[in-house]
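Try each task before you read its solution.

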4 protein chains.
Amino acid sequence: MIYFNNDYAEGCHQKVLEALAGTNMEQTPGYGEDEYCAKAAGKIRALCGREDAAVHFLVGGTQANLTVIDAALRPHQGALCAASGHINGHETGAVEATGHKVLTVPSADGKITAAQVERVVLAHRADSSFEHTVQPKLVYISNPTELGTLYTLAELEALSDTCHKLGLYLFLDGARLGYGLAAMGNDVTLPDIARLCDVFYIGGTKVGALFGEAVVMGNPVLAEDFRYLIKQHGGMLAKGRLLGVQFDALMTDGLYFEIAAYADRLADKLRETFHRLNIPFLVPGITNQLFPILPDAVLEKLSEKYVFCEQERVDETHRAVRFCTSWATRPEAVDALCADLCRLCGGES
Amino acid sequence: MIYFNNDYAEGCHQKVLEALAGTNMEQTPGYGEDEYCAKAAGKIRALCGREDAAVHFLVGGTQANLTVIDAALRPHQGALCAASGHINGHETGAVEATGHKVLTVPSADGKITAAQVERVVLAHRADSSFEHTVQPKLVYISNPTELGTLYTLAELEALSDTCHKLGLYLFLDGARLGYGLAAMGNDVTLPDIARLCDVFYIGGTKVGALFGEAVVMGNPVLAEDFRYLIKQHGGMLAKGRLLGVQFDALMTDGLYFEIAAYADRLADKLRETFHRLNIPFLVPGITNQLFPILPDAVLEKLSEKYVFCEQERVDETHRAVRFCTSWATRPEAVDALCADLCRLCGGES
Amino acid sequence: MIYFNNDYAEGCHQKVLEALAGTNMEQTPGYGEDEYCAKAAGKIRALCGREDAAVHFLVGGTQANLTVIDAALRPHQGALCAASGHINGHETGAVEATGHKVLTVPSADGKITAAQVERVVLAHRADSSFEHTVQPKLVYISNPTELGTLYTLAELEALSDTCHKLGLYLFLDGARLGYGLAAMGNDVTLPDIARLCDVFYIGGTKVGALFGEAVVMGNPVLAEDFRYLIKQHGGMLAKGRLLGVQFDALMTDGLYFEIAAYADRLADKLRETFHRLNIPFLVPGITNQLFPILPDAVLEKLSEKYVFCEQERVDETHRAVRFCTSWATRPEAVDALCADLCRLCGGES
Amino acid sequence: MIYFNNDYAEGCHQKVLEALAGTNMEQTPGYGEDEYCAKAAGKIRALCGREDAAVHFLVGGTQANLTVIDAALRPHQGALCAASGHINGHETGAVEATGHKVLTVPSADGKITAAQVERVVLAHRADSSFEHTVQPKLVYISNPTELGTLYTLAELEALSDTCHKLGLYLFLDGARLGYGLAAMGNDVTLPDIARLCDVFYIGGTKVGALFGEAVVMGNPVLAEDFRYLIKQHGGMLAKGRLLGVQFDALMTDGLYFEIAAYADRLADKLRETFHRLNIPFLVPGITNQLFPILPDAVLEKLSEKYVFCEQERVDETHRAVRFCTSWATRPEAVDALCADLCRLCGGES
């Protein structure tokens with residue numbers, strides 16, 4: 001079987017593995033206070049153009065989300081996001097388990113707009129019994145979103161302006177950030193994100209690392225005492241250097257960006273095939289996730305050879321599914337899939 | 001510098017590294033639903049003599065502690081442990097962050113007795129306003145303890161009997177379990193633990209793995225829906241197979257027990273040297289942790305060459321410190337330390 | 001000004017006040033362990049036809065909701081309700097503050113159907129990554145709902161059957177239960193509710209008491225150790241007898257039901273006037289809450305003399321508002337309002 | 001039976017009852033936004049000499065404690081108190097249920113010293129792995145303490161200075177504050193407390209009210225958004241005016257202080273009798289709580305006629321018990337008890 005179901009089916013990029021193996025028997029201080037973490041953090045700060053930012057390495061995305069949000073909010077405050085936001089539907093109530101409500105706005109494409117944020121916040125403040133409702137204090141976005149879409153620079157600037165004008169924090173979940181930055185048509189850079197968000201993370205788990213997310217905190221209020229919160233939530237790895245070593249490797253000589261671009265180009269190739277075959281998408285996209293809508297019969301055939309994700313039923317005979325490429329996807333796998341698609345969906349054959 | 005300060009200064013055992021490297025580019029399902037986790041769990045069940053036990057792999061000790069305790073308790077219930085218990089003093093209130101009070105009893109050697117448990121529980125029940133106090137429902141012990149001591153089989157049986165007679169769960173934190181099982185003089189086996197505890201874990205982080213703790217749940221009440229709790233607390237590794245691969249390697253051909261014994265024998269050698277030099281211990285022990293009481297002047301000298309942990313000041317001129325050996329300790333390092341100790345403390349010899 | 005904005009603008013019914021005054025200097029045990037609580041609980045059990053039920057008195061609705069839900073759920077479980085449910089939008093995230101997500105389904109009339117519950121639960125169980133989502137375990141309904149609507153016996157039976165078939169608890173918030181039971185057209189009795197719900201409460205705050213809600217737990221699983229949870233959440237009144245004395249008075253000689261019927265009849269009179277004037281309602285209803293849709297100009301006039309609640313804007317010139325009657329509403333106040341409405345909205349005038 | 005077991009066995013002072021009855025049918029806004037709350041808050045601010053303070057009325061002590069502490073702390077921070085502190089042992093883990101650890105220091109008399117606070121905080125900061133432990137951020141004291149002792153002005157000033165020098169909040173639980181202020185020998189005034197504490201409360205439940213604690217927040221950081229937290233924790237009384245009316249009555253013409261002094265004088269009389277009979281105390285005191293140590297045989301005799309509280313066993317034939325007077329204690333009850341004590345313990349005299 002060939003796996004296109006997600007971007008974390010393999011281990012890590014060869015260079016990351018080599019870095020881990022090469023440092024394996026070194027003795028270092030624990031809990032992220034080693035020189036590899038320091039080096040990796042330095043490289044990230046430089047790439048972000050934010051020498052003042054705090055950088056912390058966490059093991060995974062849910063852990064990063066819950067720790068950041070718990071650090072940012074007082075008890076009566078909530079995190080606002082799209083209804084499709086990962087924290088709302090796919091983290092078993094991790095944010096609520098820290099005591100905070102996730103407030104949602106509807107979204108067709110996984111994004112949330114500055115206007116939506118403003119509407120929610122002003123409505124809250126105008127409510128005569130506002131103290132009976134949760135106070136929105138942080139906006140959570142993911143980029144790319146759960147539906148593979150990307151914020152434009154203009155959208156991100158508007159969100160950032162609105163959040164800061166209203167006294168809210170802007171938090172960007174970058175579990176797949178590399179695939180967003182490397183997408184053809186993306187106009188947002190890492191320094192843009194570091195400038196516009198109070199806190200965000202650069203996802204490693206899905207982009208070449210065994211595991212790990214690099215949390216970048218430009219807002220010093222959020223950074224205060226953050227290591228206590230990492231520890232309290234069980235996220236402080238004894239051998240913290242494993243995170244430092246991996247991110248150091250990924251951030252050296254542009255490896256992170258190069259392997260993300262590699263995956264995006266394979267996705268582009270696949271996307272082009274879908275387009276050519278007039279196969280519609282649930283949502284358009286330019287990153288490593290594709291959500292084509294295919295006939296059940298075709299999907300049944302494909303599932304004999306390929307693993308992919310069910311997204312949703314569209315009508316009685318069609319379902320939207322998800323295909324992902326990643327840094328580890330082999331070009332031949334994409335070629336095979338394209339060929340099979342042409343065979344199954346192509347007019348002539 | 002030579003590190004004796006803890007047992008997690010290096011990466012992982014060579015065989016674990018080889019297993020990770022050898023499986024790196026395989027594609028597997030995520031979140032621990034891969035065949036490596038299944039294989040490792042099977043080996044652990046067999047070694048425990050509990051084919052009925054649920055086995056879950058978590059990343060680290062604090063994460064394991066908070067997730068197990070949160071899964072076990074209703075809101076008004078607390079975990080009872082020695083005041084020196086790791087959950088009480090070294091996890092930044094991780095258990096309290098899940099809403100539960102840690103109840104403590106005093107302990108000179110890090111252990112808690114069946115009589116103490118019974119006293120606390122009966123006093124709670126006899127209190128006319130018992131509903132105004134937290135209900136003890138789970139006993140947390142570590143074995144070896146934070147002070148390197150071990151429970152005897154008789155002590156563990158008494159604790160288990162008392163807990164079950166009183167309707168409490170017994171939870172054993174085995175972050176250093178290998179070093180306990182392999183200690184000369186230990187009379188407790190892995191099947192004993194699996195039989196006597198409702199839940200316990202086999203520590204990998206400190207015994208040969210990059211990271212990972214294998215939680216073994218003999219009590220099916222605790223196991224129900226446990227994966228939800230792992231996810232909610234941010235402990236579900238996307239590439240869960242990393243845990244499976246590592247524990248599979250450690251549980252193959254007795255590797256885990258062999259490397260733990262190796263560390264214990266080095267500790268024995270060091271212990272013998274302290275004994276020979278009439279250097280007293282803060283607490284006696286037989287595992288890989290040693291807590292000698294040394295003159296400040298000697299410690300100052302030693303600190304030029306060795307890294308060790310401060311434990312506590314004993315009197316105006318002496319401090320107790322901690323030296324650890326591990327699976328990664330080199331025999332020459334122990335030889336050097338022994339020689340230096342003889343030179344510094346030996347008089348003639 | 002005449003208040004129609006809610007049903008808690010006054011103190012308590014004269015008989016309740018007399019009971020409080022009459023027992024004021026008696027000495028009783030604290031924390032609800034007095035004979036008045038016992039007597040009131042006995043009367044409630046008898047009225048419910050459930051001699052086996054546990055009865056606990058809490059001070060207010062939010063307190064009752066959060067304490068019951070926290071007692072019922074394990075950490076990964078959530079409460080399912082209509083999006084308009086009080087716990088979802090008007091309790092400042094009180095349920096989330098206990099760690100639990102509130103799961104919602106859309107509802108036009110404030111009610112949730114058995115079919116909705118079944119759909120949500122089956123979809124959760126069919127999800128291949130169900131452990132990444134919150135497990136629905138309790139259904140929260142209010143009766144009357146926040147929109148003044150009532151469940152029919154058939155609806156309530158269907159909900160109860162579905163919940164129990166699927167292993168969920170059914171919890172009914174009866175903050176305004178009296179007004180529901182006494183409504184013309186209601187076909188649900190107190191014994192029906194006690195038979196069909198695992199837990200519910202009889203609201204006192206809005207029906208004649210100074211404060212207080214009587215929680216009735218027919219399901220013994222929920223009742224276990226409930227007093228600990230009351231205390232933990234700050235809900236255990238030192239002078240618990242205040243609750244017992246009030247409910248004893250309300251449950252004597254049908255006072256509770258009589259004063260609720262009185263309020264409902266006044267609401268009926270007002271409702272009839274709206275009908276006669278062809279004033280539409282946001283939602284139809286038969287209890288003490290009315291949600292007429294009125295022209296802004298009329299509302300402006302009315303607001304010079306009456307206090308009412310804003311509900312929502314309906315179109316550019318109309319708003320839905322809420323008028324409530326209560327046990328304390330004076331008939332002359334209703335007459336005056338009816339007369340003013342006729343004058344302002346009536347054809348002739 | 002005559003109750004000396006606590007100071008909340010009766011309802012409320014006659015003047016409080018009259019105020020409740022006299023305002024019973026008035027219509028007021030809900031949730032504490034009525035004029036009675038405003039008036040009572042104004043009187044309290046004036047009595048405290050702090051026109052800038054925020055005043056909030058809560059229903060009970062545990063509720064006040066958990067709400068204030070949850071409002072004050074970030075997740076990794078804890079409340080420091082004497083081991084005998086009410087929040088540590090008698091509130092069913094209410095503080096932990098909000099996610100915060102209660103940190104304790106030993107205390108023989110229920111008080112905590114500035115030196116103890118400094119020691120704990122400096123030790124925390126000096127710990128090389130401080131992030132693995134809970135950060136002390138708030139000092140909780142009660143005055144009078146759970147053992148009936150009082151802070152002197154010098155002690156309170158030292159505590160306040162130390163807290164503020166170290167960046168901690170000082171929170172005073174004044175559940176029995178009236179009895180402390182009115183004690184013969186007390187040198188602390190209400191303005192002193194308002195000046196020295198960041199937050200404290202004036203207890204009503206035990207001093208003449210049916211229920212209610214007036215939280216006074218001199219530190220504006222703590223006051224921010226406090227009403228959200230009251231609501232979230234289920235503490236926002238719909239008929240909030242009940243609290244306003246009661247505190248307005250208590251704070252009018254010195255009623256609160258007068259009735260507290262009355263109780264203290266009765267306690268003084270009883271205390272004098274114990275002294276005269278050479279009956280020792282577990283802890284000396286000057287407020288309305290007395291902790292005499294009496295022979296079991298005497299206690300058995302006394303228990304035929306009086307209700308008192310068990311405190312602790314002192315030796316094989318003696319127990320310490322608690323006798324309380326209150327605003328409601330009848331002088332004849334004290335006379336009878338004194339006479340019986342003389343008879344039972346007096347020998348000749």
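Predicted model: local features only at pLDDT ≥ 70, side-chain atom pairs only at ≥ 80, totals over all residues.

**Exercise 1. Matching chains**

Solution. Residues are numbered from 1 along each chain as its sequence is written, chains are lettered from A and ligands numbered from 1 in the order in which they are written, and side-chain values use heavy atoms, without hydrogens and water.

Step 1. Step 2. Step 3. Step 4. Check the surface: 100% of the contact residues of chain A (contact means heavy atoms within 4.5 Å) recur in chain B.

**Exercise 2. Two helices in chain D**

Find how the axes of α6(D) and α7(D) cross.

Solution. Step 1. Locate α6 at residues 114–126 and α7 at residues 153–166 of chain D. Helices are DSSP runs (H or I, at least four residues), strands likewise (E, at least two), numbered from the N terminus. Step 2. The axes come within 8 Å and cross at roughly 15°. Step 3. The helices are therefore roughly parallel to each other (angles under 35 degrees). Step 4. List the contact: residues including D:Val117, D:Val121 and D:Leu122 in α6(D) meet residues including D:Ala158, D:Leu159 and D:Leu166 in α7(D). Step 5. Sort the residues of this contact: 7 are nonpolar, 1 is polar and 3 are charged. Here Ala, Val, Leu, Ile, Met, Phe, Trp, Tyr, Cys and Pro count as nonpolar, Asp, Glu, Lys and Arg as charged, and the others, Gly among them, as polar.

**Exercise 3. An aromatic pair**

Describe the pair of A:Phe171 and A:Tyr201.

Solution. Step 1. The centres are 6.1 Å apart, and the planes make 45°. Step 2. The pair is tilted. Rings of Phe, Tyr and Trp (its six-membered ring) pair if their centres lie within 6.5 Å; planes under 30 degrees apart count as stacked, over 60 as edge-to-face and the rest as tilted. Step 3. A:Phe171 lies in β6 and A:Tyr201 in β7, so the pair ties together parts that are 30 residues apart in sequence.

**Exercise 4. A cis bond**

Which residues of chain A does a cis peptide bond join?

Solution. Step 1. The bond joins A:Asn143 and A:Pro144, with omega about -5°. Step 2. A:Pro144 lies in the loop between β5 and α7 of chain A.

Notes
Axes fitted to C-alpha atoms, helices over the stretch in contact; angles between N-to-C directions. Parallel < 35°, antiparallel > 145°, perpendicular 65-115°, else oblique.
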